[in-house]
Amino acid sequence: MDKKYQNRRDFIKHLAMTGSAVALAASPWLGAFGSSAQSVRGANDMVRMAIIGTGSRGCELLRHLLTFSVAQNIRIVALCDNYNPHLLDAVKLCKEKELNPQSYADYRVMIEKEQLDAVIIATPLYCHAQITVDCLQTGLHVFCEKSMARTLEQTKWMYDTHIATNKILQIGHQRLFNPVYLEGMQRIHDGKLGTIGQIRAYWHRNNNWRRSLPNNDLSYERQINWRLYKEYSAGLLTELMSHQIQVANWALQKTPVSVMGTGSIRYWNDGREVNDNIALIYSYDDGTQFVYDSMTSNKKYGLEEQILGSTGTIEFEVNKQYLETPAAAPGIQQLINDVEHGIFDKLPIGGASWVPETAVNYKGENIVDSTNYMDTSLQLEAFTQFVRKGSAPEKILKEGYNASIWTMLGEIAIEKGEKLSMPKEFII
Amino acid sequence: MQLIRNINLYHHSIVAMNSQLDMVFWGDNQLVYNRVYNYALETLQKYELLMSRYNKESELYHLNKNGYVSTVFPGEIVYNTLEMGIEYHRLTQGYFDVTLGNVYQANKNGQPNRVNVDRDLTKRIEIDTMNRSVRFLQKNVSIDLGGIGKGIALNEIGKMIDELSLKNCFLSFGGSSVLTRGRHPHGDFWPFGLSGILDSAYLWELQNHSLSVSSSKSSDKKIAHIVNPHTYHPIQIDKSAVVQCNNAIDAEVLSTTLIASPAHLHADILQNFNIEKYLVI
Ligand SMILES: NC(=O)c1ccc[n+]([C@@H]2O[C@H](COP(=O)([O-])OP(=O)(O)OC[C@H]3O[C@@H](n4cnc5c(N)ncnc54)[C@H](O)[C@@H]3O)[C@@H](O)[C@H]2O)c1
């Protein structure tokens with residue numbers, strides 16, 4: 001299905017229609033979606049934003065913003081990238097919408113000169129922390145892409161600065177705003193899956209993850225392919241797993257107590273420093289295990305987060321829930337309802353068009369009826385609302401923070417070959 | 001187990017044998033219900049593994065693959081079922097036939113006549129009752145126990161229910177095969193009716209019974225899925241058959257037979273069975 005953006009009103013209408021409004025009410029950070037929460041500013045005051053880092057993700061975020069910037073009264077005031085071709089890509093996107101934001105190569109100059117409410121940061125991982133802290137300290141609200149930061153210390157530094165400046169810091173884990181996840185999490189938290197024993201997740205691709213260099217000029221290698229070098233990224237851990245450990249923590253409403261793991265460069269032995277093949281186990285205090293792996297030389301299984309409970313299973317990426325015991329056939333359900341209401345009526349089974357030999361192959365049920373939305377748009381729209389309101393639910397940042405901390409601990413566990421727990425100073 | 005307030009109604013489902021078995025019990029005997037459930041689960045899993053035409057591990061798969069090239073000695077259950085199937089062939093004047101698996105399969109693709117196999121059962125298969133062995137006499141012979149398997153499983157579970165002296169229950173296998181004991185919590189029997197037909201003449205009062213429903217067409221694809229074993233033509237006219245008796249296998253075999261055979265033969269065929277009530281519409 002071709003996914004297209006749904007605006008908030010359609011989205012809420014859709015939730016109300018599908019009965020998923022429960023999820024809306026029970027998810028604290030979505031309160032701002034539905035309620036006319038106290039705003040420090042008018043409900044539709046202009047929000048002035050800039051984007052720092054207009055590479056592939058930055059341009060993608062810009063495209064999303066542009067689909068609702070008029071309706072939401074967002075002004076893209078400025079764009080910043082220190083690599084000019086990428087900056088021009090973003091300028092072009094704006095021109096197509098007849099917008100002319102200022103361009104900058106240095107974000108420090110930009111935040112000094114421009115009148116901004118908020119920035120969106122989509123630079124390589126290693127510079128998330130410095131840029132975020134600088135922006136927060138300038139008094140700006142920040143949306144920063146995941147993973148939060150390159151080290152434990154940087155992650156904490158960002159968090160502490162958010163507390164000190166009282167400015168919004170939202171990390172780009174878009175699943176937090178995805179109706180499939182919201183509804184599924186509600187069911188998990190309501191005990192519909194019974195006792196969760198394991199969460200299994202994986203992300204498998206079959207490509208080398210390399211981007212081509214301009215004119216094959218090797219001097220650009222580390223700048224363009226920053227994901228492959230430890231100085232800038234923890235590879236599969238920060239780029240992919242961070243999303244999925246966030247989902248696991250969210251499902252369990254806990255953070256792990258330990259992690260162990262292993263990793264290797266198994267296939268793409270091309271001078272890269274980060275592993276192309278990893279496996280980790282995170283344990284929680286109630287005995288639940290999060291079993292994770294990621295690789296880039298086989299794509300058969302794609303990506304998934306499987307929540308394995310004693311009475312059911314959820315597979316989030318495909319919008320599916322499976323009960324361990326399938327639900328009653330329709331006629332039987334009628335019988336059960338009748339008995340409950342003291343009714344003695346004939347069992348409406350069969351019929352002229354009865355299907356005596358229909359193969360039953362239990363394929364589970366969809367979690368939500370329609371997935372006709374983009375979670376990335378929804379999260380940016382939420383950010384806009386939060387900016388207008390002047391604050392965001394702390395829960396959202398804590399999800400990003402804990403995902404980042406445990407991703408970093410996973411990296412250290414792999415490197416040291418040890419089972420690690422969270423050092424006290426990083427507990428928030 | 002799903003417990004319904006007040007009445008202590010228990011419901012459980014099992015997906016197996018390409019279908020879903022729903023079991024409803026009521027009363028205060030949960031431990032017994034659990035035993036029936038576990039027994040049903042084991043039974044269905046066992047039959048699934050024995051009688052699947054598609055599972056390469058199954059005994060029937062092995063028989064169908066090797067029956068023409070060599071003499072096969074199936075295990076007790078598959079052998080007995082096959083022998084039973086051939087006896088039903090006799091009792092139904094050849095309108096119930098378990099040896100035409102390839103014809104039924106080809107019918108799903110709309111070409112049942114493409115399968116080259118003799119119309120005379122004795123020229124297709126040879127059963128050695130002394131040695132309990134089976135040999136296919138023609139290449140295209142293939143056993144399909146789909147029209148009998150659910151009845152066998154239900155009978156088996158029914159035996160356990162009676163052994164445990166369980167009084168009231170309603171079992172529905174895929175909606176087409178039903179086995180009941182006792183009565184509905186709010187009445188003297190389990191009332192059963194074809195959906196969409198209101199006439200009370202078409203009400204079945206089930207107590208200690210088996211009932212089976214068949215229709216010539218499947219509702220979704222409108223495929224005529226029952227084939228006349230004498231002509232290899234699928235039954236194209238819309239009709240449904242319901243049979244109530246004391247034996248789930250008889251009920252299942254007969255509901256199919258009543259669709260496959262012409263109406264003027266029904267009375268004759270039914271003479272061979274002890275049935276309570278039937279309907280063909
Ligand atoms: N949430 C998601 O699903 C998702 C998906 C993809 C990427 N991301 C994240 O987005 C971020 C960027 O990834 P990407 O694929 O777009 O990488 P990219 O290399 O395509 O883009 C990064 C851009 O940042 C620019 N940049 C680097 N340092 C800068 C600085 N100091 N000032 C201004 N610009 C600077 C680079 O020139 C480049 O254009 C990463 O953190 C990544 O994990 C998130």
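Mentor: Let us begin with a definition: buried area is the accessible area, taken with a 1.4 Å probe, that two parts lose on being put together, summed over both. Please keep in mind that this is a predicted model.

Trainee: How large is the area buried between domain 1 of chain A and domain 2 of chain A, and what share do carbon and sulfur atoms give?

Mentor: The two domains of chain A bury about 3,200 Å² between them, and carbon and sulfur atoms give 60% of this. Domain 1 comprises 3-176 + 374-394, while domain 2 comprises 179-328 + 359-372 + 404-426. In domain 1 of chain A, the residues that lose the most area to domain 2 are R150(A), L152(A) and R175(A), together 26% of what that side buries.

Trainee: How many residues on each side are in contact in chain A?

Mentor: In chain A, 36 residues of domain 1 are in contact with 40 residues of domain 2. Contact here requires heavy atoms within 4.5 Å.

Trainee: What is the salt-bridge count between the two domains of chain B?

Mentor: Between domain 1 and domain 2 of chain B the count is 0 salt bridges. The area buried there is about 2,600 Å², with 63% from carbon and sulfur atoms. On the side of domain 1 of chain B, L50(B), I148(B) and Y232(B) supply 32% of the buried area, more than any other three residues. The contact involves 32 residues of domain 1 and 29 residues of domain 2 of chain B, and the domain centres, taken over C-alpha atoms, are separated by 24 Å.

Trainee: What makes α4(A) and α5(A) roughly parallel?

Mentor: Helix α4 (residues 56-68) and helix α5 (residues 84-96) of chain A pack at an angle of about 10 degrees, with axes 10 Å apart. Angles under 35 degrees count as roughly parallel, and α4(A) and α5(A) are therefore described in that way. Among the residues making the contact are L62(A) and L66(A) of α4(A), and A90(A) and L93(A) of α5(A). The contact residues divide into 6 nonpolar, 1 polar and 2 charged.

Methods. Residues numbered from 1 in each chain as written. Chains lettered and ligands numbered in written order. Predicted model: local features only at pLDDT ≥ 70, side-chain atom pairs only at ≥ 80, totals over all residues. Heavy atoms only, no water. Axes fitted to C-alpha atoms, helices over the stretch in contact; angles between N-to-C directions. Helix = DSSP H or I, 4+ residues; strand = E, 2+ residues; numbered from the N terminus. Parallel < 35°, antiparallel > 145°, perpendicular 65-115°, else oblique. Nonpolar A, V, L, I, M, F, W, Y, C, P; charged D, E, K, R; others polar. Domains from an automatic or database assignment. Salt bridge = Lys/Arg side-chain N within 4 Å of Asp/Glu carboxyl O.
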